[in-house]
Amino acid sequence: MDNTRRDFIKTSVLAAGALTFGLPGKAKAVSEYPYVLPSLLYSFNALEPHIDALTMEIHHDKHHKTYIDKLNAALEKFPDYQTKGLQDLFEQISLLPDELKVAVRNHGGGHWNHSFFWQLLSPENTLPSATLIDAFNKSFGSMDQLKAAMSKSGLSVFGSGWVWLIVTAEKELKIVTTSNQNNPLMRDAVDKGTPILAIDVWEHAYYLKYQNKRNEYLDGIWNVINWKRVSELYF
Ligand SMILES: [Fe+2]
């Protein structure tokens, strides 16, 4: 990637963060229809060696963009739903027209989940807030135990999906998994809650570098988690 593009990506950091999720502390809807691909907060190679540049480029520019294109194409036929935010559509997903329901689940989920995920990665060394560390200690014993439990859950996902750290309605931290592009904000989620951390365990997130070794990807990713952002999302 040339310097111009790298600079563009860098200067897009604040704008992307603000527009995509609104104020810190709330996992807000991802912009509005027609949805657009959010800029990354860092260059494709910034997360090396833990996540390689080619994986990041294909993951962001191809996979994520495809979810957006297909979501927009589906919503084109349903103008009444174009003005609703994605989170509203997730909230009423089981009530949507069948054709739209599938598109919102797969492509809307794909857009929201990836937009969320990009913000949770960083090449910089960051630490959780004291409040979040305290919550980790209370809920999981320690931050290391939280990481180990999330990695183990990520490994347990059969096929494609995500592992999440959510805040439940009872304000408790909980590790949950979803298949495909489902997420804990969807009305029919088995474990509902507000995500503060997510790890993509689709093969497209790691296969070029790690091949079948999802466990090594799940070990490596802890080196590039943006704990500052996770802390902002915890409330
Ligand atoms: Fe992905």
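**A guided tour from the contact of helix 3 with helix 5**

Select H64, Y67, I68, K70, L71 and A74 in helix 3, together with L100, A103, H107, G108, G110, H111 and H114 in helix 5: these residues meet one another across the two helices. Two residues are in contact if their C-beta atoms, placed from the backbone, lie within 7 Å; helices (H or I, at least four residues) and strands (E, at least two) are DSSP runs, numbered from the N terminus. The residues of this contact comprise 6 nonpolar, 6 polar and 1 charged, where Ala, Val, Leu, Ile, Met, Phe, Trp, Tyr, Cys and Pro count as nonpolar, Asp, Glu, Lys and Arg as charged, and the others, Gly among them, as polar.

The model is predicted: local features need pLDDT of at least 70, side-chain atom pairs count only at pLDDT 80 or more, and totals for chains, interfaces and linings use all residues. Residues are numbered from 1 along each chain as its sequence is written.

Move to the loop between helix 2 (13–21) and helix 3, where P34 is placed. A cis peptide bond joins Y33 and P34, with omega about -10 degrees. P49 is also found in the loop between helix 2 and helix 3, and the peptide bond from E48 to P49 is cis, with omega near 0 degrees. Most residues other than glycine have a negative phi, and most peptide bonds are trans.

Select N180 in the loop between strand 2 (173–179) and strand 3 (194–200). Phi of N180 is positive, near 50 degrees, in a residue other than glycine. N180 counts as partly exposed because it has 16 C-beta neighbours inside 10 Å; a residue is buried if 20 or more other C-beta atoms lie within 10 Å of its own, exposed if 12 or fewer, and partly exposed in between, with C-beta atoms placed from the backbone.

Continue to Q211, in the loop between helix 8 (207–210) and helix 9 (214–220). Q211 is not a glycine, yet has a positive phi of about 50 degrees. With 11 C-beta neighbours inside 10 Å, Q211 counts as exposed.

Buried residues make up 36% of its 235 residues.
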